[in-house]
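The questions below concern the chain shown here, from its overall surface down to single residues.

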Amino acid sequence: MGPFVMLLLLPLILTWFPCLFAQSATDLDALLQDYAYRALVRPKTGIPYDAPVPSNLSGIQITALRLRNGSLRKRGVPMYKEFQIPSGVVVHPYVKRLVLVYQNLGNWSVTYYRLPNHTYLAPVLGLLAYSASNLTATHLPELDIRASRGPINIRFSDVKSAPVGSVPKCVMFDLHGLVSFSNATGNVCSTFQQGHFSIVVESVSVPPSPPPSAPGKKKNKSKVWIIVGSVLGGLLLLVLLSFLVILAQKLKQRKKMQQMERAADVGEALHMASVGETKAPAATVTRTQPTLETEYVP
């Protein structure tokens, strides 16, 4: 592939590069489920097990907790990392045992959960449920868990201070990619279902300038004036260059004439004669005087 073709494809490559480099959030969930299950080697029910992550995802934390369905519904989980799970949680479809996978995406939060015009005050935390019937299985589908008696509370432990004048909001990303906001109570958010959660604020933007008479008209006018100015500037530069070329030619001709005049002054002076209104050099030649033939006869 030639260099010219590479230059043409460079903007497209840069556009697609983040997509090629990073997995989607769904692929990430499947990968983290696989690694979380690797920590469940002869696990005890109700005991959380922290699991390592791939080196290229350093900064993400995952934990696996195996539970009995009936125990979860009857007693809940008083505290699982930042999640407080009440009693009355319903699991669908029904399974005898399930695994709750906890995720803390840390500095990868923005990479996998982009939220335009918002700034994260806390890392994205995830709580996903999977069947525990086969602890060596990979790419398991998520179970649907719902809190029926009270909400699941998330107490964020690492929350940045909100900028002055901004209002922190809870954000939830469900398993279908839908985003919803709710009010934050301090550093606590609430939910009735599983998903990914964080605390955000709207990004501070520069106050807009006074609105123009017609939307977009001022911007179009600015573009037109930029184009006109560029054209006029190019023409002016072309005229200036032409003037400089002509001036250089005239100076060259004048210099050549001066050199010819100096050379004429050094040589033999010629007598100038007037012919009409024009002067021209004339040689001072003496005509040979005529003689009579008889003058040579003895």
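Q: How much accessible surface does the chain have, and what share of it belongs to carbon and sulfur atoms?
A: The model is a predicted one. Its chain has an accessible surface of about 21200 Å². The share of this surface that belongs to carbon and sulfur atoms is 61%.

Q: What percentage of the residues of the chain count as buried?
A: A residue is taken as buried when its relative accessible area is under 20%. The chain has 298 residues. The part of them that counts as buried is 29%.

Q: How many helices and strands are there in the chain, and what share of the contacts with a separation of 6 or more comes from residues 24 or more positions apart?
A: The chain contains 5 helices and 16 strands. Among contacts with a separation of 6 or more, the share from residues 24 or more positions apart is 65%.

Q: Is Ser 109 buried or exposed?
A: Ser 109 belongs to helix H4, which covers residues 109–112. The cut-off for a buried residue is under 20% relative accessible area. Because the relative accessibility of Ser 109 is 3%, Ser 109 counts as buried.

Q: Which backbone nitrogen does the side chain of Ser 109 reach?
A: With neighbours within four places in sequence set aside, Ser 109 is in contact with Pro 123 and Val 124. The side chain of Ser 109 comes to 2.9 Å from a backbone nitrogen, that of Val 124.

Q: Which cysteines are joined by the disulfide, and in which strands do they lie?
A: Searching the whole structure gives 1 disulfide. The joined residues are Cys 170 and Cys 189, with an S to S distance of 2.0 Å. The pair ties together parts 19 residues apart in sequence, because Cys 170 lies in strand S11 (residues 169–173) and Cys 189 in strand S13 (residues 188–191).

Q: What is the handedness of the link of Cys 170 and Cys 189?
A: Cys 170 and Cys 189 are both buried. The angle about their S-S bond is -90 degrees, and the link is left-handed.

Notes. Residues are numbered from 1 along each chain as its sequence is written. This is a predicted model: local features need pLDDT of at least 70, side-chain atom pairs count only at pLDDT 80 or more; totals for chains, interfaces and linings use all residues. Side-chain values use heavy atoms; hydrogens and water are left out. Helices (H or I, at least four residues) and strands (E, at least two) are DSSP runs, numbered from the N terminus. Buried means under 20% relative accessible area, exposed over 50%, partly exposed in between (1.4 Å probe, protein chains only). A polar contact is a pair of N or O atoms within 3.5 Å; within protein, one must be able to donate a hydrogen and the other to accept it, and residues adjacent in sequence count only if both atoms are side-chain atoms. Contact means heavy atoms within 4.5 Å. A disulfide is a pair of cysteine sulfur atoms within 2.5 Å. Accessible areas come from the Shrake-Rupley method with a 1.4 Å probe; for residues, only the protein chains shown count as cover.
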